[in-house]
Amino acid sequence: MASREEITIYEDEVRSLYSHLEKMTDLVAVWEVALSDGVHKIEFEHGTTSGKRVVYVDGKEEIRKEWMFKLVGKETFTVGASKTKATINIDAVSGFAYEYTLEINGKSLKKYMENRSKTTNTWVLSLGGADYRVVLEKDTMDVWCNGQKMETAGEFVEDGTETHFSVGDHSCCIKAVSSGKRKEGIIHTLIVDDREIPETVE
């Protein structure tokens with residue numbers, strides 16, 4: 001005969017398994033959002049029978065609402081170090097089918113990412129066996145590396161500007177020079193240890 005302790009452990013395992021299976025069946029949408037401090041994973045659970053709504057950001061539960069009578073609507077929360085506003089819209093398509101869309105700062109995810117590609121530059125590189133993601137916010141000239149806002153020193157040089165910072169013991173510099181073409185504007189280049197790093201398209 002099983003001891004009381006063994007039964008409790010078994011009950012906990014069953015409850016955990018049931019909870020995991022329930023989560024799997026209600027997961028209706030997953031998005032990846034590239035922000036300056038990193039790429040964030042947003043998961044949304046929607047129980048279409050109970051109206052349950054759960055939002056996870058990077059695996060951490062941000063919102064949980066049980067037994068919602070209204071199955072359509074929206075959930076608003078923040079993402080990342082800069083607390084960027086995000087909204088999941090829940091719309092009925094037909095019958096019991098639902099459509100889920102993500103907005104970032106009031107724009108559809110697609111529009112937000114298109115705009116972001118104009119206002120930021122991103123580089124992904126490997127240094128000493130570690131991976132780094134460097135992001136330049138062109139409007140503020142803020143530099144982020146692996147989720148941390150970097151201490152920088154800017155200087156004017158003959159053909160533009162240079163923004164200096166360090167990643168570990170590696171010296172880094174983002175050079176900004178005019179393209180000479182009005183439509184292209186300013187070209188930003190990341191130099192690490194005197195080596196040019198190609199830009200990454202996210």
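**Whole chain**

The model is predicted, so local features need pLDDT of at least 70 and side-chain atom pairs count only at pLDDT 80 or more, while totals for chains, interfaces and linings use all residues. Residues are numbered from 1 along each chain as its sequence is written, and side-chain values use heavy atoms, with hydrogens and water left out.

Of the 202 residues, 36% count as buried, that is, under 20% relative accessible area with a 1.4 Å probe, protein chains only. The accessible surface comes to about 12900 Å², with 52% belonging to carbon and sulfur atoms (Shrake-Rupley method, 1.4 Å probe).

**Largest pocket**

Next, select S36, Y112, R116, T119 and E137, which lie nearest the centre of the largest pocket among its 15 lining residues. A pocket is an open set of points on a 1 Å grid over the protein atoms alone, where a 1.4 Å probe fits, with protein on both sides within 12 Å along at least five of seven lines; lining residues have an atom within 4 Å of a point. The space amounts to about 250 Å³, a volume being that filled by probe spheres set on the points.

Colour helix α2 (residues 109-119), which gives the most to this lining, with four residues. Domain 1 (4-105) and domain 2 (119-197) each contribute at least three residues to the lining of the largest pocket; the bounds come from an automatic or database domain assignment.

**Second largest pocket**

Now select A34, M113, R116, S117, T120, N121, T122, E199, T200, V201 and E202, the lining of the second largest pocket. About 160 Å³ of space lies there. Both α2 and β9 (120-127) supply at least two residues each to this lining.

**A buried isoleucine**

Finally, select I174 in strand β15 (residues 170-178). Why does I174 count as buried? I174 counts as buried because its relative accessibility is 0%. Display its contacts (heavy atoms within 4.5 Å): leaving aside residues up to four places away in sequence, I174 touches partners including W123, L136, V143, F165 and L190. To finish, draw a distance between the C-alpha atoms of I174 and T163: they are separated by 5.1 Å, with the residues 11 apart along the chain.

How values were computed: Buried < 20%, exposed > 50% of the residue type's maximum accessible area, 1.4 Å probe, protein only.
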